[in-house]
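Morning, everyone. I'd like to take a few minutes on one interface. Please have the viewer open.

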There are 2 protein chains.
Amino acid sequence: MQKEKTAEKESDKFFMSLAIKEAKKGGVLTHPNPLVGAVVVKNGKILSKGYHKFFGKEHAEVNAIKKLSNNKLKDSTLYVTLEPCSTYGKTPPCTDLIIRSQIKRVVVGSIDPNPLHRGKGIKILRDNGISVETEVLRELSEKLNEPFFKNMRENRPYITIKFASSIDSKIADRNYKSKWISSKDSRIYAHKLRSESDCILVGSNTVIKDNPLLNVREYKFRVQPDVCVIDRNLKISPESNIFKEKRRVFISTDRETLKSKYPNNAILLKTTFHNGEIDIKDLLKKLYDNGIKHILIEGGGRTIGSFVSDGFFDRIVAFISPLVIGSDGISAIDKALKKRNDDLGTRLKMDYIKKIRDDIMVVYKRI
Amino acid sequence: MQKEKTAEKESDKFFMSLAIKEAKKGGVLTHPNPLVGAVVVKNGKILSKGYHKFFGKEHAEVNAIKKLSNNKLKDSTLYVTLEPCSTYGKTPPCTDLIIRSQIKRVVVGSIDPNPLHRGKGIKILRDNGISVETEVLRELSEKLNEPFFKNMRENRPYITIKFASSIDSKIADRNYKSKWISSKDSRIYAHKLRSESDCILVGSNTVIKDNPLLNVREYKFRVQPDVCVIDRNLKISPESNIFKEKRRVFISTDRETLKSKYPNNAILLKTTFHNGEIDIKDLLKKLYDNGIKHILIEGGGRTIGSFVSDGFFDRIVAFISPLVIGSDGISAIDKALKKRNDDLGTRLKMDYIKKIRDDIMVVYKRI
């Protein structure tokens, strides 16, 4: 009996790992919805697979189930990486479909972290006589959608810090020249990061010195991410490139109004400042209230340093190029960190490393 | 005929690749001699292999040949990664042994770069009726002994720059606290670098602030490397830890004498300075004249910056730890580089990258 139980657990893990693989087929076109994968199995045989493809379209379970006749579905097991939804959103509740399909057993990777939905789908299935196993490969299932879980658990946007620097951690020379620090291939990864975010955040200096477009050009995307500029004294030009895309451009300031000459897509984000330093917690709350679930911080050094110093980040993605710029260059992280006396600095955990031609992409997580 | 020729070339490459693999079995115990490997082949069958194991002991060819009877050796082919020596050094000339062994054909990876020996061994073999093929897998054969080739070709020491830094390229916090920036495993690699070098070079500030031992502790070694401190004004203490090993400690200064209280192993290295800046070319010449073939530069930031700025380095080995120290930390490369106006900085070529737990070791080569 014990052995059978173990064998079942192993096969559950195996089929869940396939569902996770399915989920990963989704991507930026699913954003900002979570990635979800599903697999239907009967008598140890895979009958169908599905994943959540497009934001607002069919969920993974639906895509897996709709491929099968009622006859096949009857008494089958559904593996799904995230608890099935039980409410009407952009699509009808998946629990209804599962019950109608006479599926016998449902195996769930991660329970929906949204306090409004958490466990409800599972209860409805059980109330309808379906056997439900939960939290199989939970960590890997959650890893599919880290921003989503962070949002629900901490009630703030997920924060990615990104910079491209030389090996001496400079993002530009002393004249703010930075063109092609990293290779074209690295830039594709950087644009993927943009397309996965809802909002690209920079300090005013970056806009003034660089005048970047801050849009997605080298990767597919569903919508262009919004932009947020920390610009207490409204120093950025109304002609700045960031205004050129159709999207919101939040200007974080403690002033009451924006200058009249700013374009229509400029949005006042009234934020608290203390002695000239932005209150990051307040900024994050305001952005979250505006629907921003995932922020990509792209610089400059003072802005990145502030977020690191205050511990407001979830991961740092560093692109390191084979180049020494020297001490007169502009630093990627340019702030003395608040830290306890016995700390050398802010410790991180390496999550992932990738060689991209002569560049390195390293992803660090906050500990 | 053409086909046979190609087939022969392919098999030559194959056996040479085995000889290269043999050579790599040597290591710091061979140092400062080059790594060399040899394989004896007859009728497509490998009869024996050998490599140069210990400094001053038998060469690779000898180790391969001495395993075989004269009968077996007759008419065989010898593959050797470096041109066989033809002079009496610490061992008798390998060419004599090869001729005596009645080996029919010798295939050489790289020709000896030493102007005194270059091509002589090959000529002697040919004069004795042995067919010699040269430069098979030349690049890989040379890569076994980059310092050796650099020495012979440029008449200066091979230079490795090494630092262990945070992701923002700081080697210590503002109080020069740096203990355990990198993990124990990374330190083993760092000590391997020391054991492969003849001399560890640092600026006086590093000795004053850190008082490091600068010896090999976490890796095997044949002899402890010498130390060179750039210390124009003789500021380092005679009690410094660097004096504690039995080895030479060169003190680079423009003074005429050292202070009398320096220990016996302190050696005056009279060097040219211009406006307080060391003349690196002069320093390298003086060290080379003292038998230093491979320098490991370990810091601090100004010293490393000077060597990078003047283009005097062959590779940079960076250990990057999962840590942010912040802008008040001590920079790994702390010098504004001399560069042409259109250069962003000094471009490098990535040679090798290794994940060491949460650290990254990256080896860059000078372009």
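**The interface of chain B and chain A**

Let's start with salt bridges: across the interface of chain B and chain A, the rule finds 0. Keep in mind that this is a predicted model.

So what does the rule find in the way of polar contact? Across this interface there are 14 residue pairs in polar contact, both residues at pLDDT 80 or more.

Now the elements on chain B. Which one gives the most? That is E18(B), with 7 residues.

Next, composition. By class, the side of chain B that touches chain A has 21 nonpolar residues. Another 16 are charged, and 7 are polar.

On to extent. The contact takes 44 residues from chain B and 44 from chain A. About 3600 Å² is buried between the two chains. Carbon and sulfur atoms give 61% of that area. Which residues of chain B lose the most area to chain A? Look at B:Ile167, B:Val324 and B:Leu344. Together they make up 19% of what the chain B side buries.

Last, the strand pairing between the chains. Go back to E18(B). Strand E16 of chain A, residues 323–324, is joined to E18(B) by 2 bridges. The two strands run antiparallel. To find the spot in the viewer, pick A:Val324. Opposite A:Val324 stands B:Thr346, in E18(B).

That's my part. Over to you.

How values were computed:
Residues numbered from 1 in each chain as written. Chains lettered and ligands numbered in written order. Predicted model: local features only at pLDDT ≥ 70, side-chain atom pairs only at ≥ 80, totals over all residues. Heavy atoms only, no water. Contact = heavy atoms within 4.5 Å. Buried area = accessible area lost by both parts, 1.4 Å probe. Salt bridge = Lys/Arg side-chain N within 4 Å of Asp/Glu carboxyl O. Polar contact = N/O pair within 3.5 Å; in protein donor to acceptor, adjacent residues only side chain to side chain. Helix = DSSP H or I, 4+ residues; strand = E, 2+ residues; numbered from the N terminus. Nonpolar A, V, L, I, M, F, W, Y, C, P; charged D, E, K, R; others polar. Pairing = 2+ DSSP bridges.
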